[in-house]
Structures are given as structure tokens and as C-alpha cells.
Amino acid sequence: MFGMKAMRRASPVLLFLLAALFCFATYNILAMMRHNRAIRNFVGANTRSVLDSDPIVEMPEHVKKPKHVKSPFHIALTATAAPYSKWQCRIMYYWYKQKKDLPGSDMGGFTRILHSGSPDNLMDEIPTMVVDPLPAGLDRGYVVLNRPWAFVQWLEKATIEEEYILMAEPDHIFIRPLPNLAHERFPAAFPFFYIKPEQNEKIVRKFYPEEHGPVTNIDPIGNSPVIIRKDLLGKIAPTWMNVSLRMKQDPETDKTFGWVLEMYAYAVASALHGVQHILRKDFMLQPPWDLETGKRFIIHYTYGCDYNLKGELTYGKIGEWRFDKRSHLRGPPPRNLSLPPPGVPESVVTLVKMVNEATANIPNWDTS
């Protein structure tokens, strides 16, 4: 009886203590949730596992820049003097000029890095720097191997006003004004589904020894599109070139990586320098696999688009309607290409319309 009275007398005190403990516990739980969310955001920006669910892998909160701060980047693409490269560069440069000064753009200057060793007939049309190709035979017929060497020379010789650089390719078309997606030591890159360092660990370890860390440090990217700080690229580029040459000289690596060898080399070189990228799926789309342009910034038309007249994809088989850049190796495509039949995805329709607009407005198109 005495105990029950004591408990009744003490109950207000107990209630107060319980309430205080509950508030304290709630505060700690919320703090832990915020902390864990911050960790997940940071890790998510530097790992591949998030790609399966998130359309965008965001940069860590503590390095985000205010939206009103402009960070211009210089657009640089490597090119040859072949007609196939020229007509793509002309279309790419046309759409750069259309989007450069629109709201939301951080697009700065533009340079075509021509690694032929000699000027060509586009010098007055497109801002160009001529650099040397690799010594004869060193690329072993893999012309893309000239890309890292071209960037090494350009970075050494050029006066680049912008702090950031976008590494682009001739078969890129800007469909929206592109903001700077990178920040400080976090470059921005597009994740490619076929770049799989973990699945190729045996080969990757030849160039990325275990003392450098797990293979998961290597991003599933190529060098393009990438927005990166100029000084970071200056450190990575020579390593990228050396790793590319070593990979090409290794028969197993050359056979396994094939035409994406230079992409693996950039990813490995970045990891060797401790650089990891913000992975942005919205950076680019690739018809015909990506069906809509949505809110993405660049069309990459590396794949052929083949359809029957019902609008059905016939990939691997020449379609009744087709657009494939490789159909125009010796010269530019004609103006006013036929539009795809009904039922073809919006991304392909947009691609052909943008090619047609560019070719209709570029003077002397047939001279590409």
C-alpha cells in the first residue's frame, strides 16, 4: 500500500523524466537520420549502385554551388580531317551556337582540337587548334588513341580562359542549354552501361594495382561527356594517354576492351589520381535506346537507327527507314533527310529534325 502511494506521488516526476528522455531520443534519431542521409548522398555521388534507381546521382550537399553562380566551361572536342568527322563537327558547332547564350547555359568558348597535324578547310568556320597525331603506327589503327594525346598538347599550348572544360565529341548535339554539372574536385560524367570495371577486375588490375584501392573506385565512364576542372584534367591527361597506350599494347586488354579501350583508360587514369565523378544520367541520351529526350542535354547519335515502315525497330538489320552516321563516311548526309515513319520514338524524330535544321542553315553544306 505504501509502495502504491509512493508511486502515485512520484508519477509526475516520472512522467517529466520520461517526456525528457523521449524528446532526447527523438532528437538523436532525427540527427542520425540526417547524418545517414548526408552520408548516402555523398557516397551516392561516387558509387555505381545508385544508378539502378536514381536518374541523377547528385553531388554532395556540402559542395553544391548556389544556382545563381555561373561557372563557365570551355567546350573541346577532338577531330580528324576526314569528311566523316568534318560534317559531324559542323552540326555540333551549329547547335553549340544556338544554345550557348540561352538562360541556364554555362557554355563558354569552343575549340575543335584537330589532331591531323595540318590545317583544313574548316579553320575559318570553327575555332580550331591543330595538334600532332601520334607517331605513325603507334595507334595500331585505333584512331581514337589520338584523343588523349591531343588533349595533352592542347592543355599545354592553349590559353583557356574558363576554369572548367567539357570534353565532347563530334557526334554530340546540344538539345538544351548546358549548365556546369561539375563542382570543384567532383567532375560530372555520363555513366555508360557497358563500362564495367568490376566485371573486368583481372584486366583492370594490370593498370590499377590493389594498393590504389578497390576496383569500385573506377567510375563506369569514358572521357566524354565530362565536365572537369582544367587543373584536374591537366593532371589526368598524361596518365590517360599512357594508360591508353599500355592497354593497346597488351593483347588481352586490347581484345577485351576493343573500341571502348580509351574510355576504360580515362576511367582508370582518373581513379589513379583519386578523382571520382558525379554520375549524371541526364547528361546525355543515345537513340534509339533512349526513347525520349526529356530533360537531357545532349543527343549522342553513335548508334544506327533502323525501322520498318510500321515504326518498329529493326536493329542489326538495315531498316526501310534508317539514319546511321556510318552511312556517310565519305561525305555529309544530304539536306532535308526524310523524317521517320509514325511510331518511331520522339528521340529519333528530334535527332533527324535537328540534323535537318543544321544542314539547312550551314553555308556550303555539301563541301563538308
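This is a predicted model: local features need pLDDT of at least 70, side-chain atom pairs count only at pLDDT 80 or more; totals for chains, interfaces and linings use all residues.
Reader: With which strands does β1 pair, and in which sense, parallel or antiparallel?

Author: Strand β2, residues 107–114, pairs with β1 in the parallel sense over 6 bridges. Strand β4, residues 164–168, also pairs with β1 in the parallel sense, over 5 bridges. Ile75 stands opposite Phe110 in β2, and Leu77 stands opposite Ala168 in β4.

Reader: How should I read the nonpolar core, and which residues touch the most other members of the largest one?

Author: In soluble globular proteins, nonpolar side chains tend to be buried together. Here the largest nonpolar core has 77 residues, and Ile75, Leu178 and Phe283 touch the most other members. Leaving aside residues up to four places away in sequence, Phe283 touches Leu166, Leu178 and Leu181, among others. Its contacts also include Phe190, Pro225, Ile227 and Phe297. There is a second, separate core of 23 residues, including Ile175, Val348, Met354 and Trp365.

Reader: How many residues of helix α3 are buried, and against which elements do they pack?

Author: In α3, 9 of the 12 residues are buried. Among them are Arg147, Phe151, Trp154 and Leu155. The buried residues pack against β1, β2, β3, β4, α5 and α7. The length of the helix can be checked as well: at 1.5 Å a residue, the 12 residues of α3 (146–157) should span 16 Å, and the end C-alpha atoms are 16 Å apart, so the two values agree.

Reader: How is a salt bridge to be read, and which residue forms one with Arg147?

Author: Side chains of opposite charge can pair when their charged atoms come close. In this structure the count comes to 19 salt bridges. Glu262 forms one with Arg147, and the closest N and O atoms are 3.4 Å apart. This pair links distant parts of the chain, Glu262 lying in helix α7 and Arg147 in helix α3, 115 residues apart. Both Glu262 and Arg147 are buried.

Reader: What does Asp171 pair with, and is Asp171 buried or exposed?

Author: Asp171 forms a salt bridge with Lys325, with 2.6 Å between the closest N and O atoms. The two residues are 154 residues apart: Asp171 is in the loop between β4 and β5, and Lys325 is in the loop between β12 and α8. Asp171 counts as buried because its relative accessibility is 3%. Lys325 is buried too, with a relative accessible area of 8%.

Reader: Which residues are linked in a network of salt bridges?

Author: Lys202, Lys206, Asp250 and Glu252 are linked in such a network. Within it, Lys206 forms a salt bridge with Asp250, the closest N and O atoms being 2.9 Å apart. Lys206 lies in the loop between α4 and β7, and Asp250 in the loop between α5 and α6, 44 residues apart. Lys206 has a relative accessible area of 32%, and is therefore partly exposed.

Technical notes:
Residues are numbered from 1 along each chain as its sequence is written. Side-chain values use heavy atoms; hydrogens and water are left out. Two strands pair if DSSP finds at least two bridges between them. Helices (H or I, at least four residues) and strands (E, at least two) are DSSP runs, numbered from the N terminus. A nonpolar core is a set of buried Ala, Val, Leu, Ile, Met, Phe, Trp, Tyr and Cys residues joined through side-chain atoms within 4.5 Å. Buried means under 20% relative accessible area, exposed over 50%, partly exposed in between (1.4 Å probe, protein chains only). Contact means heavy atoms within 4.5 Å. The expected span of a helix is 1.5 Å times one less than its number of residues. A salt bridge is a side-chain nitrogen of Lys or Arg within 4 Å of a carboxyl oxygen of Asp or Glu.
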